Amino acid sequence: MQEFVILKVFNVNVHHPNAPPPLYNWVKCNTDGSALGNPGIASCGGLFRDYTATFLGGFSINIGNSYALHAELIGVMNAIEIAHSKGWNYLWLESDSQLVNLAFKSSFIVPWKLRNRWFNCLELTKIMHFRVTHIYREGNCCADKMAALGINVDGFYWWDNVPPSVKGDYISNLMGLPSFRFH
């Protein structure tokens with residue numbers, strides 16, 4: 001308990017950092033998007049894990065000049081499309097963007113340039129067992145790093161193995177260790 005008091009003194013946000021693994025036969029995908037400016041150089045990424053937390057693959061995408069919300073939504077749409085193409089019909093999607101979660105309830109949040117693709121992805125989720133939940137940023141550090149890798153790739157890049165720059169956070173997450181963000 002004393003450690004949490006010290007963290008609060010230094011203004012460290014403390015949230016439950018790690019979400020539970022997906023249910024048996026489910027695939028979980030954590031996604032993230034970012035833009036260096038608004039608009040600015042944007043990228044997104046995500047990683048897929050099965051119910052044993054085994055890495056199934058991940059993606060990083062360089063979007064070019066765009067907005068943070070576009071990057072978040074493009075990451076989610078890619079996750080849905082990839083899961084569908086791989087036959088992963090039990091998909092749990094997790095994002096640290098509250099707006100992304102709201103977009104599943106009201107498509108008016110989705111910018112018009114992305115709406116057609118968004119509606120197509122919503123149709124895909126109707127033929128899947130699908131759920132979407134929010135995760136605090138501290139618990140989404142692996143997806144955050146996958147998105148950061150997107151800045152340095154040309155278009156879309158698929159990772160069959162955990163990238164070296166993500167491996168430390170991935171192992172910490174597997175072990176249930178917390179990840180903190182300092183101000």
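Two strands pair here if DSSP finds at least two bridges between them, and helices (H or I, at least four residues) and strands (E, at least two) are DSSP runs, numbered from the N terminus. With that in hand, welcome to a predicted model, in which local features need pLDDT of at least 70, side-chain atom pairs count only at pLDDT 80 or more, and totals for chains, interfaces and linings use all residues. Residues are numbered from 1 along each chain as its sequence is written, while side-chain values use heavy atoms, with hydrogens and water left out.

**The sheet**

- Six strands make up an open sheet of mixed pairing, in the order β5-β4-β1-β2-β3-β6.
- At its edges are β5 (129–134) and β6, each of which pairs on one side only.
- From one strand to the next the twist averages 15°, where axes are lines fitted to C-alpha atoms (for helices over the stretch in contact) and angles run from 0 to 180 degrees between N-to-C directions.
- β4 runs parallel to β5, with six bridges in this pairing; Ser95 has His134 in β5 as its bridge partner.

**Strand β1 and its partners**

- On one side, β1 and β4 are parallel and joined by five bridges, and Cys29 faces Leu93 in β4.
- β1 is also paired with strand β2 (residues 40–49), in the antiparallel sense and over 10 bridges; here Asp32 is opposite Gly45 in β2.
- A hairpin is formed by β1 and β2, with two residues between them.
- Eight of the 11 residues of β1 are buried (under 20% relative accessible area; exposed is over 50% and partly exposed in between, with a 1.4 Å probe and protein chains only), so the strand is largely enclosed by the rest of the structure.

- Thr31 belongs to strand β1 and is buried, at 0% relative accessibility.
- Leaving aside neighbours within four places in sequence, Thr31 has contacts (heavy atoms within 4.5 Å) with residues including Gly45, Phe59, Val76, Leu93, Asn140 and Ala143.
- Thr31 and Ala71 are 40 residues apart in sequence, and their C-alpha atoms are 10.0 Å apart.

**Aromatic pairs**

- Rings of Phe, Tyr and Trp (its six-membered ring) pair if their centres lie within 6.5 Å; planes under 30 degrees apart count as stacked, over 60 as edge-to-face and the rest as tilted.
- By this rule there are 10 aromatic pairs.
- One of them is edge-to-face: Trp26 and Tyr90, at 5.5 Å centre to centre with 70° between the planes.
- Because Trp26 is in the loop between α1 (2–9) and β1 (27–37) and Tyr90 is in strand β4 (residues 90–95), this pair ties together parts that are 64 residues apart in sequence.
- Trp26 is buried at 16% relative accessible area, whereas Tyr90 is partly exposed at 34%.
- Phe59 and Phe156 are stacked, because their ring centres are 6.3 Å apart and their planes are at 10°.
- Phe59 lies in strand β3 (residues 55–66) and Phe156 in strand β6 (residues 156–159), so their pair links parts that are 97 residues apart in sequence.
- Phe59 is buried at 0% relative accessibility, while Phe156 is partly exposed at 43%.
- Both also belong to one aromatic cluster, formed by Phe48, Phe59, Trp88, Phe156 and Trp158.

**Charges over rings**

- A charge sits over a ring if NZ of Lys or CZ of Arg is within 6 Å of the ring centre and within 35 degrees of the ring normal.
- Lys28 has its charged end over the ring of Trp92, 4.3 Å from the centre.
- Over the face of Trp158 lies Lys86, 4.9 Å from the ring centre.
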